[in-house]
Amino acid sequence: MKVTVNWKKDYVFEASDEKGFKCTFDHPEQESPEGMNPLVALLMGLGGCMGLKAMIILKKMKQDVEDLSFEISVEQEEEEPKAFSKIELTCTIKGNNLAPNKVDYAFNLAKEKYCPAIAILKNGTPIECKCLSLIHISEPTRPLYISYA
C-alpha cells in the first residue's frame with residue numbers, strides 16, 4: 001500500500017493512492033479551507049476500517065444489516081503535538097432479527113483482531129521519516145541530496 005501527498009499551495013496538500021483516489025487537505029484554522037483536516041481524515045479511516053471489518057464478519061454470520069454508522073469523537077492533549085488522548089467510537093446498527101451476541105462478537109473481533117487502523121493507533125506502530133532535500137545551488141549546478149533519518 002502506498003500513497004503520495006503533494007503540496008499544492010499555502011497549506012493545501014493533495015493525497016492520492018495507487019488506484020487514483022484523491023483527497024485534499026488544508027489547515028483546519030484557515031478562514032476558507034479547501035480541504036479536510038488531516039486528523040479528521042485519520043478518524044474517517046478508522047471508522048471505515050472498523051465498519052468494513054465488522055461488516056465482513058456480520059455477513060459471514062448471516063446478520064441482515066440495513067444500516068451501520070459510526071460517530072467518532074476524540075479528546076486531544078493541550079500541548080503540541082496535540083495527540084489524541086482518547087478516541088471513542090459509537091456504533092449504531094439497524095437490521096432484521098439481529099442477534100445482539102453476534103453483533104457484539106463481530107465488533108469485538110473487528111476491534112481486537114482484524115482492524116489494522118485500531119492496531120496502528122493502539123500499538124504505536126514505529127514511523128520512519130526520511131527527507132530528501134533537493135537544493136539548487138548556482139555554482140556548481142549539480143543538485144545536492146540530503147537524507148534525514
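Me: How many residues does helix α2 have, and what distance does α2 reach from its first C-alpha to its last?
Reply: Happy to walk through this; keep in mind that the model is predicted. Helix α2 runs over residues 100–114, which gives 15 residues. At 1.5 Å a residue, 21 Å is expected, and the computed reach is close to that, at 20 Å.

Me: Which residues of α2 are buried, and where do they lie around the helix?
Reply: An α-helix has 3.6 residues a turn, so residues three or four places apart point the same way. The buried residues are Val103, Ala106, Phe107 and Ala110. Viewed down the axis of α2, these buried residues fall within an arc of 90 degrees, so they line one face of the helix.

Me: What do the buried residues of α2 pack against?
Reply: On the other side of α2, Asn101, Glu112 and Lys113 are exposed. The buried residues, in contrast, pack against α1 (38–60), β4 (64–76) and β5 (84–96).

Me: Which residues form the aromatic pair, and what is its geometry?
Reply: Searching the whole structure turns up one aromatic pair. Its partners are Phe70 and Phe107, with 6.1 Å centre to centre. The angle between the planes is 70 degrees, and over 60 counts as edge-to-face, so the pair of Phe70 and Phe107 is edge-to-face.

Me: How many residues apart are Phe70 and Phe107?
Reply: Phe70 sits in strand β4 and Phe107 in helix α2, so the pair links distant parts of the chain. They are 37 residues apart.

Me: Is Phe107 buried or exposed?
Reply: Buried means under 20% relative accessible area. Phe70, at 23%, counts as partly exposed. Phe107 has a relative accessible area of 13%, so Phe107 is buried.

Definitions and conventions
Residues are numbered from 1 along each chain as its sequence is written. This is a predicted model: local features need pLDDT of at least 70, side-chain atom pairs count only at pLDDT 80 or more; totals for chains, interfaces and linings use all residues. Side-chain values use heavy atoms; hydrogens and water are left out. Helices (H or I, at least four residues) and strands (E, at least two) are DSSP runs, numbered from the N terminus. The expected span of a helix is 1.5 Å times one less than its number of residues. Buried means under 20% relative accessible area, exposed over 50%, partly exposed in between (1.4 Å probe, protein chains only). The arc is that of the directions from the helix axis to the C-beta atoms. Contact means heavy atoms within 4.5 Å. Rings of Phe, Tyr and Trp (its six-membered ring) pair if their centres lie within 6.5 Å; planes under 30 degrees apart count as stacked, over 60 as edge-to-face and the rest as tilted.
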